[in-house]
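Please consider the following structure chain by chain. The explanation below is meant to be read alongside the sequence and the coordinates.

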Amino acid sequence: MTEKIKVWPGTPLSDKDLAAKKVLLTEWHPNLKYAWDTGMGYGRYFAELKKGRIVGTKCNKCRRVLLPARVFCEWCFRTVDEWVYLKDTGIINTFSIAYTGSMAERLKEPVIPALVEIDGSGGVAIMHLISEVDPWKVKIGMKVKAVWKPEQKREGAITDIMYWKPI
Amino acid sequence: MQRRVAIIGIGYTPFRPITPELSFKEMMFEAAQRAYEDAGVCPRRDIDAFVTCEEDFTHGRSIFNIHMPDNIGAVLKRIHTLPADGIYGLADAYMLINTGLVDVMAVESHSKASNMLTPNYLVAHAMDPVYNKPLAYNPYFIAGMEMNRFLCETGTTEEQCALVAVKNKANALLNPQAAYGDRITLDDVLDSEMMFHPLSRLEMSAPADGGIVMVLACEEKAYALSDRPVWVRGVGWCSDAPSLETRDWGKAVYAQLAGDMAYRVAGIGNPRLEIDFAEVDDTFAYKELQHLEALRLCRPGEAGLMVEEGGTLRDSELPVNVSGGSLGVGRLDEATGLQKVLEVVIQLRGEAGSRQLDDVQVGLAQSWRGLPANSGAVAILSNE
Amino acid sequence: MRKVAVVGAGMTKFMRRAQETGKELAWQAARMALDSCELTLKDVDCVVMGTAPDAFDMIHMKAEYLSDGAGAWRKPYVRGFLGGGTGVFTADQAWYHVASGLFDVCLAVTEEKMSSCLPHPQGAFVTCWDQYTESPLGTSLLWFFAWEMNRYMTMHGITERDIAAVSVKNKKNALDHPCAQLAAEITVDDVMKSEIMAWPVKRLDVSPTSDGAAALVFVSEDVAKRITDKPVWVEGVGWCLDTMYIGQRDLYYPKYVEYAARMAYDMAGIKEPRKEIHIAEPYDPFDYKELHHMEGLLLCDKGEAPRLLADGVTQRTGNLPVCPSGGLLGVGNAIAASGMIKVAELFWQLRGEAGKRQVPGKPQRGVAQAWGDEMQVGTVIVLGV
């Protein structure tokens, strides 16, 4: 059957076809707004970031530290046992040197997104950015430290840490 | 020959207009924990598969199922998402258990409707991008048009529709989980602000937050784990024409075909005799009447009369929406259908407290996917 | 367990931008699939739809909108969703619709119209990440792949050149695919010299964004025996989702793919996948992903996939042809549809109908796999004759 098919359906258009208005287009800008409740786990995690501290939670059954802090352990499916303060230092688990932004646009200067294993967490990483370093000198396993926003500018968000720099 | 499948555990959080104290993850966790406790199962050990029912834009997250496994104990297990109403999830579990591949399965759906700040635009966003979006009116006009056509085709009156709102909000006063219970009169409804003529404000359900989880099992496991299994006798679902231009505006064809399928699976020939009570979709008051007719729970065109004569009250022959329905409980996004199933299970277990119905064996739950969709699902449950 | 067969397949061309709407693409693929097994819409008992985020087509409740295009008017119809893993999951889902005994003929349709999202479909992914801890950082889709590729290379000592050879192979395989969007004869040097997007990911490591649709017809054993001499049986299915907390697991190995594969192999009675699987279609949206997934599918040891590639084992003429279709790198990446064309490719290969792409030696059994969400989903299907 398949061999017999001569013409496969589908009509490709190029950017030129669009520019030449070869086809009609309609435009739509969705007006969707959300305000998400942080709840108990993330709520305290962000409140602590505002104070310049990284807090996780701990499950005493699997003995894991959970980051970002949350109130139940997904592995044991039970409520966590305690809150634990962690250092604002860590090591790079993996990283990228990104020359494109989230809308696929080119960036003049690359950013260095990374997973940073937080010291004292037993190797649990959070997602963040690395800076104050030549991107091509960054290595997996490098030690880094958080660079915080000035206290009065913090707002209880992940961006209260501006980035991490090698130490 | 179908395998027998039972609901052996239910868990839910109270249904409330806002729930600022919990994230959606914590809400799911709470409902799941209650369901697993009720079923006497450990999700990590005993549950073979999980299904969650969520739509991306409802929650404001693309690929929402990224966030699902952690909150219901499904990490590194079989779990998938249906962007569909919760009764589709129930039907999905019914099918998977019937393949023999899984024995115990959990179904989850939740609403965080309070976090969605522009609900009218959300509905508009579901319209056909070429034909309908450019019209950009408040899309609830569709409900007004549909109601108008329904009244015209059946001779049902606006008063009869309004009585549905009176009944359901009163029923909700006896349901401690309901968000919008109220003692209102026919005049209150008819005098309430006209929204999309002939639809008035009190005939439209308001959104609520809440999470629901259910545990289903095959017959052997159901008997081993539970002393009060509620059997899933039949499931059905159907999509009618999606476009506004081609649909049947007077009848709920999707509900009729979904009902027919569920009756066929359940072996029910005469629904009016065999169904003891029903929880049907009442997103808008007239929808309850339209759905009762589609499901053959009354004669064609007579649902309005039936309500007027009190034939759907709690102590009548066919109690409808004793939970309070969406008008009384609140509309729970994709969990709306599961709330209907939940009420049927609670009633069939005899655990409904002051709103308990006497002597009920077979109940029906039905959902509609909401504006502007033209599809829905049906489940028929029984305690024997 | 009730036996289920695949009896028909169809697909559209994969294109950067299609003139057709999503509905029309779905219809074309669905019609071709039904035509190919001489069934009509009247014979179809139910329809399943696979399509990835609504943010691409920019329609809320996208499956409702697509339903008539997929042939679901007045039929039981539901959409399954596992992010990028959707395409293969939709096949799994069609399997259980029939295996449940409720239906005899299930039409499975997958569609993606990514070009609707402007300025670039990649923007649709911005709304995927955790809105509290991830999105505020300006997170991009490519970061995740770059992290995973970097971790995979570092843990095993694999080089970028080792990985680039996947892109070379798949784009070349796609030259024989009539629907391919990015078929080409390229070299490892071309990949290495292509623009860096998010190191170590370069432009030619990445599959394109595409518009396209694919469809398959699943039937029960008695229907299969009545309508075809060449049924292809569904022997195993599996799907699995790992935790969303990406920092809580190690990206170097896709454990979730292994779990999903084990489910499918157990069901199929496969004990030694390396011997019993004759052809593989792992998900390859990025070149390293093919290697990563071969390891997850237990087709080689951890870190060994690049060696199989270098030795030519995974070429179309090798002992274990991998992505003989040309994969996502060559044919295109219309998310859900590209997962399903992997299943369709197995169907055509096992029936000996793959034309110029046909692998030699009459393969008896193949595995297709897709992957998705935030590096956390594995969906697997095993087909055999």
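The model is a predicted one.

Chain A contains 2 helices and 11 strands. Along the sequence these elements follow the pattern α-α-β-β-β-β-β-β-β-β-β-β-β. For its 167 residues the globule rule gives 15 Å, whereas the radius of gyration of chain A is 23 Å, well over that value, so chain A is more spread out than a compact globule. The C-alpha trace of chain A spans about 65 × 40 × 40 Å along its principal axes. Of the 167 residues, 37% count as buried. Among contacts in chain A with a separation of 6 or more, 48% are made by residues 24 or more positions apart.

One sheet of chain A can be followed strand by strand. It is an open sheet of 3 strands in the order E2-E1-E5, paired in antiparallel fashion. Strand E2 (64–66) and strand E5 (82–86) of chain A are the edge strands, each pairing on one side only. On average, neighbouring strands of this sheet are turned by 40 degrees against each other, direction ignored. Strand pairing in a sheet relies on backbone hydrogen bonds and may be parallel or antiparallel. Strand E1 (residues 54–59) of chain A runs antiparallel to E5(A), and 5 bridges join the two. Thr57(A) stands opposite Trp83(A), which belongs to E5(A).

Chain B is divided into domain 1 (5–117 + 208–230) and domain 2 (119–207 + 233–382). The C-alpha centres of these two domains of chain B lie 23 Å apart. In the contact between them, 32 residues of domain 1 of chain B meet 34 residues of domain 2 of chain B. Several elements of chain B each supply at least two residues of the domain 1 side, including strand E1 (5–12), strand E4 (104–112) and strand E7 (209–218). The largest share of that side, 6 residues, comes from H5(B). By class, the domain 1 side has 20 nonpolar, 7 polar and 5 charged residues.

The contact between chains C and B takes 51 residues from chain C and 49 residues from chain B. On the side of chain C that touches chain B, the elements supplying at least two residues each include helix H4 (86–99), strand E8 (232–241) and helix H9 (255–268) of chain C. This side of chain C has 29 nonpolar, 12 polar and 10 charged residues.

Technical notes:
Residues are numbered from 1 along each chain as its sequence is written. Chains are lettered from A and ligands numbered from 1 in the order in which they are written. This is a predicted model: local features need pLDDT of at least 70, side-chain atom pairs count only at pLDDT 80 or more; totals for chains, interfaces and linings use all residues. Two strands pair if DSSP finds at least two bridges between them. Helices (H or I, at least four residues) and strands (E, at least two) are DSSP runs, numbered from the N terminus. Axes are lines fitted to C-alpha atoms, for helices over the stretch in contact, and angles run from 0 to 180 degrees between N-to-C directions. Two residues are in contact if their C-beta atoms, placed from the backbone, lie within 7 Å. Ala, Val, Leu, Ile, Met, Phe, Trp, Tyr, Cys and Pro count as nonpolar, Asp, Glu, Lys and Arg as charged, and the others, Gly among them, as polar. Domain bounds come from an automatic or database domain assignment. The radius of gyration is taken over C-alpha atoms; the globule rule is 2.2 Å times the number of residues to the power 0.38. A residue is buried if 20 or more other C-beta atoms lie within 10 Å of its own, exposed if 12 or fewer, and partly exposed in between; C-beta atoms are placed from the backbone.
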